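I opened this notebook to record what I looked up in one structure. The entries follow in the order of my reading.

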Amino acid sequence: MPFFCTMKFILGKKIEMTQVFRPDGTVIPVTRVTAGPCVVTQVKTKEKDGLEAVQLGFDTKKKFRMNKPETGHLKDIKIGDDDAVTVRFLRDFTIENHGLKNGDVINAQTFAIGDKVTVVGTSKGRGFQGVVKRHGFHGQGQTHGVKDQTRMPGSIGAGGVQRVFKGMRMGGHMGDARVSVKNLEIVEVNLEKNEILIKGAVPGARGGLLMIHN
């Protein structure tokens, strides 16, 4: 699914959380992210594809085994004099008037300190969880006679309607969903390591794929 943005966009990998100190001594919690380098693998147009979009490929350092459709899709994409690239991730960003072409490389230099970005990732999967962990229910007090009901959901409403209303908070699958966090600030850009430091937390576990755009 394409991600709508303006001119700044990139794919990255979450490394870890840490902290940095500003000159006045303020401690800022940040997330280290490897941002690119990404290669433009396809430029989509309204006439041919129905939308204006740019497809980026990320994680090109290693040779990945791709199936035949993927290999054919990338056979003409090269970086310099290297052989056809192999990428681990492909994602689309909807954007107009970008001026990019196949084979162009996007790296951390795209962003500057102070930029506000949206980070999209996949949250950690928690499996099947009860209402206390999933929705923050308090449970029942551990008083005389309660026994094994302390973390139970309790009543789910009146019985006259003979059904469960949509959206009722109950136990179920938790996490492993696409999450967007908006208005995060770029605190630092390290061009040598192709890393950016983003203020606050971003979705997902270490090593997870992130879509970053403004």
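**Notebook entries**

I began with the surface of this predicted model. The accessible surface of the chain comes to about 13,600 Å², and carbon and sulfur atoms hold 50% of that area.

Next I looked up the overall form. The C-alpha trace spans about 75 × 50 × 30 Å along its principal axes. I noted a radius of gyration of 23 Å for the chain, whereas a compact globule of 214 residues would have one near 17 Å.

For the secondary structure I listed 3 helices and 13 strands. I also checked contacts with a separation of 6 or more, and found that 72% of them join residues 24 or more positions apart.

I turned to the interior and noted that 34% of the 214 residues count as buried. In soluble globular proteins, nonpolar side chains tend to be buried together. Which residues have the most contacts inside the largest nonpolar core? I found that this core has 28 residues, and that Leu11, Leu56, Val119, Ile196, Ile198 and Ile212 have the most contacts inside it. Strand S13, residues 209–213, gives the most to this core, with 4 residues.

Finally, I followed Ile196 to its contacts. Leaving out residues up to four places away in sequence, I found that Ile196 touches Thr31, Arg32, Val33, Ala35, Ala108, Ile186, Glu188, Val189 and Ile212.

How values were computed. Residues numbered from 1 in each chain as written. Predicted model: local features only at pLDDT ≥ 70, side-chain atom pairs only at ≥ 80, totals over all residues. Heavy atoms only, no water. Helix = DSSP H or I, 4+ residues; strand = E, 2+ residues; numbered from the N terminus. Rg over C-alpha atoms; globule rule 2.2 N^0.38 Å. Buried < 20%, exposed > 50% of the residue type's maximum accessible area, 1.4 Å probe, protein only. Contact = heavy atoms within 4.5 Å. Areas by Shrake-Rupley, 256 points an atom, 1.4 Å probe, with all protein chains shown as cover. Core = buried A, V, L, I, M, F, W, Y, C linked by side-chain atoms within 4.5 Å.
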